[in-house]
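Colleague: I am new to this one. Please walk me through how to read it.

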Amino acid sequence: MIKLQILVRQPWRTSEGIERVRELIQTIGIKPTVSGRTTLSAEIPEDSFEDVFKVPVTKVASRPPSERDFGRSGGNISDDLIIPEPLRKYVENISVASPYFRM
Amino acid sequence: MKRVQAIHNTSRARKTTKPSEELSIAITFRRPQDGLGPTKLSARLSSASVAALRPDPLDIDRALYELHHRGFVVSARGKLTASVRGNRRLFEKVFGTKLKIFRIDPTQETSSQAFYYPPPDAQWKPDPAIMSLIDDAYIQWPHIFMAAKKKPKPKPQPASGQPSATAPSVGYFHLSMPNDVPRLLNVPQVHAAGTTGKGVRIVMMDSGFAHSHPYFKANNYTSSVALAPSASNNKTDMNGHGTGESANIFAIAPGASFIGIKLDDDANPQGGASILEGFQEALKHKPQVISVSLGYDLCETNPFTGQRISDKHLTTLPNGLKALEAEIQAAVANGVVVVFSAGNGHVSFPGMMPEIISAGGVFVDENGGMTASDYASAFMSKIYSGRSVPDFCGLVGMQPHADYIMLPIPSGCEIDRDNSAHDKTTASDGWGVFSGTSAAAPQLAGVCALLLEKNGGLTPSDIKAVLKRSCRDVTTGSANDASNEGHAVKASAGLDGATGAGLVDAFAAWKQI
């Protein structure tokens with residue numbers, strides 16, 4: 001599964017707006033995982049990603065601790081994603097969750 | 001790919017370990033003008049001739065995309081070559097070959113003593129679409145250790161081992177828990193006044209929290225641990241980072257309600273939750289303070305390896321971080337105190353956001369002398385104009401490894417094994433001497449909890465302000481130059497770039513509210 005981060009547009013940053021986006025993303029094959037006050041996290045199967053976003057995604061392996069950090073998580077990277085048409089009214093930004101460092 | 005010609009195959013070797021089913025494969029590419037690649041060149045490569053073989057980056061993109069599409073995982077990418085990983089069956093299918101087990105002379109100290117490779121008579125009928133894009137593909141042989149033979153390190157284990165509640169002796173100056181860190185931050189006077197963070201909800205998100213370690217039980221610390229999406233097993237921590245760094249919060253605010261959010265998936269190191277998912281999960285627990293010792297390095301980096309291409313700072317926030325930025329801003333606007341690590345030479349995000357408390361590092365030596373940690377980041381953000389990182393500091397060690405605070409970790413976890421190479425603990429004793437600004441963030445989060453217990457009406461900006469004006473000034477030393485395009489920011493009298501307002505003084509802050 002590819003982890004996605006969805007930023008909701010300003011007027012929809014309410015529990016109703018978040019709920020609306022949660023419903024909409026499921027209609028295009030994206031599964032919500034957890035949400036906050038302005039954002040939703042979600043997942044999409046690897047084989048659907050390119051159909052929905054029209055760009056490829058690449059897996060990045062995790063890395064063990066090094067001199068400057070205590071390891072890097074795994075994740076995925078992609079070019080900037082185009083927001084699918086059904087979501088444009090409600091969504092300001094969609095991105096793939098990229099790897100992070102333990103500091 | 002050349003088939004292997006001569007490999008040792010002794011009865012002694014056959015007794016050694018099985019080869020890994022996961023293969024590491026080096027990929028070389030063709031140069032655009034004539035399709036020639038490094039493996040087809042008859043002359044020996046030199047540093048001058050290698051530049052003439054540089055492939056078109058777009059061709060590399062296409063090849064890696066096709067390999068990824070067939071199931072390989074791209075693990076690294078350079079200007080001439082790339083590394084991918086895939087299992088034996090996948091390799092056999094894509095490259096039309098049959099691999100055999102080869103064994104290495106067991107007197108050689110290698111990373112593995114058996115591996116899969118095509119035998120001399122193996123067929124080689126690669127997928128034409130792949131071969132049109134690459135020069136060749138080579139399974140990487142196990143690497144030889146250039147040091148005296150040593151015992152293999154044990155694999156990481158969940159916290160099922162039985163480490164001691166008492167730390168081992170390491171024979172050099174370091175801070176012990178649970179007393180030294182609070183003492184140096186002037187916390188004992190606050191505890192003596194009856195303030196321990198009681199009733200304040202602190203959420204920390206990290207690799208995991210194996211609080212069954214006897215150290216936590218011996219000190220009567222209690223916690224609850226929730227799983228972020230895709231994380232697994234709320235009792236384990238295969239890396240050790242969250243378990244160890246959480247000891248900082250307990251030492252400072254033992255009365256606080258500690259809620260850990262585990263991000264890692266024990267079964268799949270490539271999986272686990274994103275920072276945003278962890279943060280969203282944290283918000284569900286109605287926190288007053290959130291402590292995060294994780295982040296991104298906003299320099300030009302190789303996205304596959306995380307290695308820097310240059311120390312130059314990014315000047316705009318990447319699209320992929322805008323959702324996290326907005327969620328943090330919303331949390332702070334709703335009264336949650338959010339503390340992030342300033343980084344260990346990283347140009348850290350969210351550690352550079354103006355809304356959060358950015359935790360930097362001060363090293364206090366055995367005589368009480370304070371100096372800016374040269375392990376911790378300090379820089380002016382090029383994304384948030386006027387933002388100087390850090391705000392103020394917790395306790396962080398010095399380069400090269402910041403081995404400074406003795407912390408309890410799951411026996412045999414990743415940090416237990418890796419740190420044992422330099423911190424004089426063993427690879428499976430369940431203790432590690434480490435720090436980083438990962439330690440500073442939970443220390444400061446603990447101090448925030450002390451202030452919130454005394455005055456629950458304080459806003460995030462109130463807390464930042466009172467901590468800032470009550471810090472002890474640090475006037476010597478420099479921060480990590482890697483965080484500031486190669487120029488280390490120096491500490492000086494008053495507010496400075498290296499340590500911000502200086503080292504946090506919990507008692508002085510507590511008295512002011």
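Colleague: Which hand does the crossing of helix 9 of chain B and helix 10 of chain B have?

Modeller: This is a predicted model: local features need pLDDT of at least 70, side-chain atom pairs count only at pLDDT 80 or more, and totals for chains, interfaces and linings use all residues. Residues are numbered from 1 along each chain as its sequence is written, while chains are lettered from A and ligands numbered from 1 in the order in which they are written. Now the hand. A crossing is left-handed if the near helix is turned anticlockwise from the far one by less than a right angle, and right-handed if clockwise. Helix 9 and helix 10 of chain B cross left-handed.

Colleague: At what angle do helix 9 and helix 10 of chain B pack?

Modeller: Two packed helices are described by the angle between their axes and the distance between the axes. Helix 9 (residues 275-283) and helix 10 (residues 322-333) of chain B pack at about 20 degrees, with axes 10 Å apart. That makes helix 9 of chain B roughly parallel to helix 10 of chain B (angles under 35 degrees).

Colleague: Which residues of helix 9 of chain B meet helix 10 of chain B?

Modeller: Contact means C-beta atoms, placed from the backbone, within 7 Å. From helix 9 of chain B come Ile275(B), Leu276(B), Phe279(B), Gln280(B) and Leu283(B). They meet Ala323(B), Leu324(B), Glu327(B), Ile328(B) and Ala331(B) in helix 10 of chain B.

Colleague: How many residues does each chain bring to the contact between chains?

Modeller: Chain B brings 53 residues and chain A brings 41 residues. Helix 9 of chain B gives the most to the side of chain B that touches chain A, with 7 residues.

Methods. Axes are lines fitted to C-alpha atoms, for helices over the stretch in contact, and angles run from 0 to 180 degrees between N-to-C directions. Helices (H or I, at least four residues) and strands (E, at least two) are DSSP runs, numbered from the N terminus. Angles under 35 degrees count as roughly parallel, over 145 as roughly antiparallel, 65 to 115 as roughly perpendicular and the rest as oblique. Two residues are in contact if their C-beta atoms, placed from the backbone, lie within 7 Å.
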